[in-house]
Amino acid sequence: MKENRAFQRGAVYQIYPRSFCDSNGDGIGDIPGIISKLDYLKDLGVKILWLSPIYKSPLFDMGYDVADYFDIHPDYGTMEDFDNLLKEAAKRDLKIVMDLVVNHTSDENEWFIQSKDPKSPYHAYYYWRKGKGKNGELPPNNWTSQFTGPAWTYEPSNGMWYLHLFSKKQPDLDWHNPKVLEEVEKVINFYLDKGVYGFRCDVINQIYKDSLEDGKGHAQSGRGSEHYLMTEGNHRILRQIHDDCFAHRGDRVMIGETFNVDPENGRRFLENKELDMFFHFDLMNLDKALFGILTKKVKTTKFKETAFKWQKGVSWNANYLENHDQLRSIPRFGDEEHYWKESGKCLGLFNVALKGTPFIFEGQEIGMVNFKDIRDPEKSRDCVAWMVSDIMKKYPIPKGLKKKLISRVDRDHERAPMQWNNGVSAGFSSNSSTWIEVNESKSFANVEDELKDPDSILNFYRKLLRLHQNCDPLCLGEFEEIPTKGNLIAFKRIYEYQEVVVVINLGKKEIPYPEFAKGKECLINTYLDPSKEKKLRPYEALILK
Ligand code: GLC
Ligand code: CA
């Protein structure tokens, strides 16, 4: 891939603003807090910062329910603070990517409030329908929300139902209405004009519903999705947005969050310039059983196969192992108990060495982990935990087990405050009480201590990101699989006449040092002491030339 775009050489760092850094001691992260950490991020070696939503919102789904796209939530600061962030980031050659949430708005968005009136022009911004049954007492179709329960809610004030693929506080916009596109383009242009580099587009492959006919799938997994996943209309709209807002602007980026995407659709997004890259969920789904409520162990061969399918399948990937919706990666794919540090680095190298743009979620670079204890749904700040807890009330499941299952889906684990040091509230806030409590792992996983330790996960990431951006084959090269067995993962990255070889032992047992890796120059190793080329140590990973 030989275009010259910032996202081809630079890693993206996802900031969860509520949990990154609190500047005023209210226990909630904010924009001035982010500004105070820009030097840290620059030193880390990332180039692009993606901010989870900071817009005005009732925060039912923590900002993925926007009440006003042109305003900043007061918890985070003001529009002036945001402009200041853009300025300070630019000084450090850091780019800002916003979250664009336009499948739905908040039910507290003025558009939706107005839309309840059938005579309002906003009525047609959403899916308002009469119910089925004699008196319209049944929802218009059998679709289910991707969170839980039916995808329709009845509104007594107008006697109609509205569609929501997520919670009932997140009504879906009707993209058949050209006014919706017009409004969203205003939002996009507003932020692009300010100098934002681009957008991460929330659940962007389901915005255009082909029909409202009954769905066939299982009630527990978003029934009805065959009518709205990756429709022709969806492709058309994204292309339109590209032509209207991006084509004339030079290097900007559109990153899609795309559930259930396959390489064929993925290629369409890229080739048609609808998106520059997109997140698939295939790796994230590997350890899930029973609609994500249970977990199973992931075999390295499966992990490798899945990642490689996408490496070969599309020209550019958005590579990630963590985000604000996923449990931390070390306990999932590494070994938190015995090889916390080793597996943290190993997974980091894997993610950064793949073809595409590497995404790092805040705290991943210091090896943050999930809460040890099972979380009490009463204490959770996550609407998914509340909704799953509600559903479970209907079933005779023992209390302890219920709590355990809910804790598994509770997104507070990965949203806990960033651990800057081992002091009060991990240095995240001067307040000892924070919006989600600080994780006990701050004692060993924190920025201050890890900066001092040459062998830390953090210092490894710093080396890794520097290598990545300065090594053409690593950031721009084509991908080529090297066949391996068991816990060994290996591949090449090839750019013009240069190539690097990536060798990873994703397991706790030593394995013989592979022949193809012998006698090469080592560019980076997850262990400080050099490999003797006899064995790959537990979770050892290297990039060789
Ligand atoms: C995306 C977001 C998630 C949110 C959902 C609904 O998956 O990442 O946090 O709950 O969309 O907007
Ligand atoms: Ca604050």
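Reply: Here are the ground rules, then the pockets and the ligand. This is a predicted model, so to speak of local features takes pLDDT of at least 70, side-chain atom pairs count only at pLDDT 80 or more, and totals for chains, interfaces and linings use all residues. Residues are numbered from 1 along each chain as its sequence is written, chains are lettered from A and ligands numbered from 1 in the order written, and side-chain values use heavy atoms, without hydrogens and water.

Me: What space does ligand 1 take?
Reply: Ligand 1 sits in the largest pocket (more than half of its atoms lie within 2 Å of the pocket's grid points). A pocket here is an open set of points on a 1 Å grid over the protein atoms alone, where a 1.4 Å probe fits, with protein on both sides within 12 Å along at least five of seven lines; lining residues have an atom within 4 Å of a point.

Me: How much space lies in the largest pocket?
Reply: About 1,500 Å³, counted as the space filled by probe spheres set on the points, which are joined across faces, edges and corners. It has 50 lining residues, and Q146, F147, K288, F291 and G292 are the closest to its centre.

Me: Which element gives the largest share of that lining?
Reply: α13, with five residues. Helices (H or I, at least four residues) and strands (E, at least two) are DSSP runs, numbered from the N terminus. By class, the lining has 22 nonpolar, 16 polar and 12 charged residues. Asp, Glu, Lys and Arg count as charged; Ala, Val, Leu, Ile, Met, Phe, Trp, Tyr, Cys and Pro as nonpolar; the others, Gly among them, as polar.

Me: Back to ligand 1. Which residues are closest?
Reply: D61, D202, E257, H324 and D325, out of 15 around ligand 1 (a heavy atom within 4 Å). That shell has seven charged, five nonpolar and three polar residues.

Me: What about polar contacts?
Reply: The term means a pair of N or O atoms within 3.5 Å. Oxygen atoms of ligand 1 lie 2.8 Å from a side-chain N or O of H324, 2.9 Å from one of D202 and 3.0 Å from one of R411. The protein covers 98% of the 310 Å² of accessible area that ligand 1 has on its own (Shrake-Rupley, 1.4 Å probe).

Me: And the second largest pocket: which residues lie nearest its centre?
Reply: T295, L327, N370, K404 and R408, among 22 lining residues. The volume is about 590 Å³. α14 gives the largest share of the lining, five residues.

How values were computed
Polar contact = N/O pair within 3.5 Å; in protein donor to acceptor, adjacent residues only side chain to side chain.
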